[in-house]
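Visitor: I would like to know what the labels used for this protein rest on. Please show me the structure, and I will ask about them.

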Amino acid sequence: MPLFSAHDGTSLAYHEYGSGSPLICLPGGPMRASAYLGELGGLSAKRRLIMMDLRGTGGSATPEDTGSYRCDRQVDDVEALREHLGLERMDLVAHSAGANLAALYATRSPERIGRLVLVTPSTKAVGLTPTAEIQRAVTRLRAAEPWYPAASAALEAVIAGDATDEDWEAITPFFYGRWDAVAQAHQAVEDEQRNGEAAAAFAGKSAFDPDATRSALAGFPAPVLVLAGEVDLGAAPQVIAEYAALFPNAELVVQPGGGHFPWLDDAEGFVTAVEAFLTRHTA
């Protein structure tokens, strides 16, 4: 497990899979160890995946200043990794909450990104949120599932703002394209992979300035792939389409039947979409 030093001296880790052109991967969670990404459905057969463990997760050390868990402050960690790898520019893929970190890095150092892939991205950094009706419309696509009645009722409690822990657990299937044994095993290890203290600080006060970020992304020059899952409650396609429209050079792909972790639902389709984008925009 290779290590490198952040600018504040915190020891950070990353994991490498595959060979070929490097693709730096930022995990979501927020603040979940990169292990949950696996090898992104076999994308490692096409690219050298460099999976970063954000500070305080996975093999990375806990920082002395826990305020540095805030998303905007972790932009320096991404830059430290680029410097460590000796890359003039890097191709970056970010999942879920990791897309907030990627967006902030893109606003600060746009010249350092060759190609950007945002997978079922969180949109906190740009101030986009789904309406209740959008959430209901996405979840109604799962109406034939045996778990749907309980999950739908739990979602209404979430929307109303009075959800219990049991309600949050009940809506978990809405984040996976197939609520099968693979999905359940993937979800079962979430708590042990996620740093709760870091997650609480990630989107803390002043972490995001949506207006400034949207303005900066409007001039972002690199090609961008924004990939949504058709049935993903966590990043509803309607909202992700709005996100893609913020970039001048973005492509939107909606993976049929995909959830929040689309490489689990259709690995071949996911890898094909990402690799086709990277190939089309070879530097």
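Visitor: Why is Cys71 called buried?

Guide: Its relative accessibility is 0%. Buried means under 20% relative accessible area, exposed over 50% and partly exposed in between, with a 1.4 Å probe and protein chains only, so Cys71 counts as buried. This is a predicted model, where local features need pLDDT of at least 70 and side-chain atom pairs count only at pLDDT 80 or more, while totals for chains, interfaces and linings use all residues. Residues are numbered from 1 along each chain as its sequence is written, and side-chain values use heavy atoms, leaving out hydrogens and water.

Visitor: What makes Cys25 buried or exposed?

Guide: Cys25 has a relative accessible area of 1%, so Cys25 is buried.

Visitor: Why is Thr139 called buried?

Guide: Thr139 has 3% relative accessibility, so Thr139 counts as buried.

Visitor: Which residues does Thr139 touch?

Guide: Leaving aside residues up to four places away in sequence, Thr139 touches Tyr148, Leu155, Phe174 and Leu233. Contact here means heavy atoms within 4.5 Å.
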